[in-house]
Amino acid sequence: MSLGNSVGLSFFHSLLKSQLETKTLKSPLLIFRQLLQSNLNPSDFTFSLLIKASASSSSVSYSLKPKLEANQIHTHLLKSGIIQLVYIKTALLNLYVNLGCIKNARFLLEDMPDRDVVAWNALISGYSKNGYDFFAFNLFIEMVREGFRPQATTLVGLVPSCGRLELVFQGKSIHGFGVKAGLDRDSKVKNVLTSMYAKCGDLEGAEILFEEMVEKSVVSWNTMIGAYGQKGLFDEAMVVFKKMRGQDVEANSVTIMSLLSANADHEAIHCFVIKTGIVNDASVITSLVCVYARSGDSESAELLHKSLPQENLVSLTAIISSYAEKGNVDMVVACFAQSRRLDTELDAVAMVSILHGVKNPAYFDIGLAFHGYGTKTGLCIHDLVANGLISLYSKFNDIEAVFSLFSEMQEKPLTSWNSIISGCVQAGRAGDAMELFCQMKMYGHHPDAITIATLLSGCSQLGYLQFGKKLHSFVLRNNLEVEDFIGTALIDMYIKCGSIELAERVFKSTKEPCLATWNTIITGYGICGFENKALSLYAELRERGLKPDKITFLGVLSACIHGGSVDEGRRYFQIMTEEFGMAPSLQHCASMVALLSRAGFFEEALLFIRNMDFDPDSAVWGALISACCIHQEVKLGEYLAKKLYLLDHRNGGLYVLMSNLYASKGMWDDVVRVRQMMKDTGGDGCSGASLIELTSFKEVDNNS
């Protein structure tokens with residue numbers, strides 16, 4: 001090689017080193033192409049720098065090109081023959097691993113005649129990082145069988161793959177191997193083992209390993225803080241953090257992220273990072289943005305996002321999700337426009353957040369626009385996005401679009417079946433939901449708790465008591481947890497199907513009923529006329545230390561209405577507003593009006609309406625008119641009907657109530673007049689339907 005040639009290579013080597021240090025978004029392959037255009041022959045050192053720079057730039061790039069560029073580098077290596085060098089092939093293997101190209105990495109390892117421990121470590125670590133946990137463990141066994149001696153770095157790359165309950169036995173086996181080989185004394189090995197035990201739920205094991213460490217680095221402290229955080233033990237995480245500060249160990253960005261994941265006070269942590277200067281770290285800012293967004297403080301999240309040296313999709317997604325959760329679609333669109341200016345594409349998580357945020361019919365067109373965006377960018381092929389679209393169209397009763405989306409899915413996992421079954425139930429098409437359930441079973445899917453709870457809701461709609469009983473039997477046979485939402489759904493189904501005794505039996509068999517379960521049974525007793533039982537359960541709920549919510553008081557007031565207990569109803573309404581400081585909703589007000597007016601206290605009911613903090617709706621006026629029917633108060637009923645007519649003249653219930661009121665007084669001409677008015681508006685009152693339950697239970701009876 002000539003001197004000029006050597007100097008030329010040095011120049012390009014400097015450029016690649018600079019690229020490696022600055023981690024710019026510019027492709028290192030462009031520098032390499034310029035080198036080739038200068039008629040220079042790249043050396044093995046050139047390729048080593050090129051591969052390292054490519055690995056560095058791909059970690060900060062949003063481009064879809066890194067995998068293609070890695071293949072091009074591979075091609076150049078094959079042409080030059082430099083790929084035969086073990087350390088070059090190992091570096092390329094590591095690049096493929098970082099890009100998630102596991103098959104390419106495996107091919108390279110198998111093609112190495114003189115593979116070393118470093119190459120084995122790279123692929124084991126790659127399997128572990130990319131979620132191929134069993135492959136990582138099996139490759140480790142293969143490595144040992146071929147006579148290679150694992151190092152501490154081998155275990156550091158392997159142990160994280162055992163951080164779930166299914167692989168705890170393998171994790172303990174690796175721990176035993178490390179003890180036998182003397183590798184467990186390495187601080188990095190101890191750290192990953194501590195983390196592994198914590199993730200598998202063995203906090204005691206994690207604590208023992210942590211206490212055994214003679215010298216605890218910041219990584220060790222972070223591991224323990226994260227371990228407590230994962231289990232929701234915030235106080236313990238803070239104790240470890242204070243001990244760490246007491247031993248003069250400086251916190252780093254990982255410490256802050258671990259504390260935030262442990263639900264620490266994000267405002268206090270924010271102050272701490274400003275004081276210590278860690279606030280300049282992009283990962284810390286991103287974590288704070290996510291926490292502020294999750295807590296509903298979208299404005300603070302956006303201000304922090306703007307302070308990022310380089311805006312990223314993670315923080316922007318958190319802000320979009322925050323606005324979407326509030327239903328602020330205008331701000332969602334503004335953030336989306338911002339992401340387009342950054343030349344970044346939304347991911348599946350952001351897309352689903354947006355779709356869930358479209359709740360108002362006025363924004364349905366925006367939902368359609370994002371559906372188009374998802375189709376254009378290929379996001380719609382993700383099950384997560386497809387399920388989000390199914391939920392979107394279900395909310396607005398476009399069930400045909402729901403079926404079309406579902407039929408287009410190439411693979412239909414259980415979550416997709418659950419989405420379409422739920423969509424049918426939401427749209428009032430519980431019969432279709434039952435048919436889909438049978439199809440799901442035919443495709444070999446085993447229903448989970450969400451499937452069962454959704455179907456029970458469908459049974460409640462249709463009054464399918466026998467089908468509901470079969471679902472209950474399925475739950476018991478398959479040892480599904482009859483707590484929280486399944487238990488609540490069962491109780492609700494039995495109540496709405498008219499079997500309060502079975503609802504009561506399910507409630508009594510629930511070990512620790514949640515508030516929603518209490519609310520359901522209290523409301524059920526009230527609807528079925530068991531006022532005393534409903535009020536007794538409320539008293540028991542308070543004795544157990546549970547705090548009632550607005551739904552609890554709706555159930556209690558409903559019981560008082562059905563039992564005619566005016567004084568009790570007044571008292572509970574006072575408890576709700578004064579003792580618990582809850583502002584009554586329109587539903588609570590309608591319940592109070594119904595309670596007072598049904599007992600004949602019309603003046604008090606009208607005074608209650610006048611003192612309301614908001615304008616009465618059709619439910620409030622309807623409750624009063626219904627009481628007029630009971631007490632044959634025609635003049636008051638006619639006055640109230642005018643009020644309700646102005647609110648909603650197409651409300652069929654208004655005409656039915658007035659027809660019943662006139663009929664109660666024998667005013668048949670007025671009955672005919674009201675019914676004619678109802679027909680003129682295009683309504684037919686509240687149509688009823690008779691249902692006969694004809695259902696095959698063979699699919700439900702099958703345990704598999």
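In this predicted model, Cys-560 has its place in helix α33, which runs over residues 550–563. The relative accessibility of Cys-560 is 0%, and this residue therefore counts as buried. When neighbours within four places in sequence are left aside, Cys-560 is in contact with Leu-535, Ser-565, Glu-568, Gly-569, Tyr-572 and Leu-595.

His-371 counts as buried because its relative accessibility is 17%, and the cut-off for a buried residue is under 20%. Not counting residues up to four places away in sequence, His-371 touches Met-351, Cys-380, Leu-389, Tyr-393 and Leu-405.

The chain to which these residues belong has 41 helices and zero strands. Of its 704 residues, 49% count as buried, and its C-alpha trace spans about 115 × 60 × 55 Å along the principal axes. Among the contacts in the chain with a separation of 6 or more, 61% are accounted for by residues 24 or more positions apart.

Two helices that follow one another in number, α29 and α30, illustrate how buried residues are covered by other helices. Helix α29 (484–496) has 13 residues and reaches 18 Å from its first C-alpha to its last, which is close to the 18 Å expected at 1.5 Å a residue. Its buried residues are Ile-486, Gly-487, Thr-488, Ala-489, Leu-490, Ile-491, Met-493, Tyr-494 and Ile-495, and these pack against α27 (449–462), α28, α30 and α31. Just after α29, Gly-498 takes a positive phi of about 85°. In helix α30, which covers residues 500–509, the buried residues are Ile-500, Leu-502, Ala-503, Glu-504, Val-506 and Phe-507. The elements that cover the buried residues of α30 include α28 (465–477), α29, α31 (515–527) and α32 (531–543). An α-helix has 3.6 residues a turn, so residues three or four places apart point the same way. Within α30, buried residues such as Leu-502 and Val-506 may be viewed with this spacing in mind.

The second largest pocket of the model has a volume of about 380 Å³. Its lining is made up of 19 residues, of which Asn-191, Val-192, Ser-195, Lys-199 and Thr-223 lie nearest the centre of the pocket. The elements that give two or more residues to this lining are α11 (187–199), α13 (218–230) and α15 (253–261), and α11 gives the most, with seven residues. By residue class, the lining of the second largest pocket divides into nine nonpolar, eight polar and two charged residues.

Helix α15, one of the elements that contribute to this lining, has as its buried residues Ser-253, Thr-255, Ile-256, Ser-258, Leu-259 and Leu-260. What covers these buried residues of α15 includes α13, α14 (234–246), α16 (266–276) and α17 (282–294), and α13 is also among the elements that line the second largest pocket. At the start of α15, a side-chain oxygen of Asn-252 comes to within 3.1 Å of the backbone nitrogen of Val-254. Just after α15, Asn-263 takes a positive phi of about 65°.

Most residues other than glycine have a negative phi. Against this background, two loop residues can be described together. Asp-248 has its place in the loop between α14 and α15, and its phi is near 60°, a positive value in a residue other than glycine. With a relative accessible area of 68%, Asp-248 is exposed, since the cut-off for an exposed residue is over 50%. Asn-39, which is likewise not a glycine, has a positive phi of about 60°, and its place is in the loop between α2 (28–37) and α3 (44–58). The relative accessible area of Asn-39 is 69%, and this residue therefore counts as exposed.

How values were computed. Residues numbered from 1 in each chain as written. Predicted model: local features only at pLDDT ≥ 70, side-chain atom pairs only at ≥ 80, totals over all residues. Heavy atoms only, no water. 1 Å grid on protein atoms, 1.4 Å probe; cavity = no way out; pocket = protein on both sides within 12 Å on 5 of 7 lines; lining within 4 Å. Points joined across faces, edges and corners; volume = space filled by probe spheres on them. Helix = DSSP H or I, 4+ residues; strand = E, 2+ residues; numbered from the N terminus. Nonpolar A, V, L, I, M, F, W, Y, C, P; charged D, E, K, R; others polar. Buried < 20%, exposed > 50% of the residue type's maximum accessible area, 1.4 Å probe, protein only. Contact = heavy atoms within 4.5 Å. Polar contact = N/O pair within 3.5 Å; in protein donor to acceptor, adjacent residues only side chain to side chain. Expected span 1.5 Å × (residues − 1).
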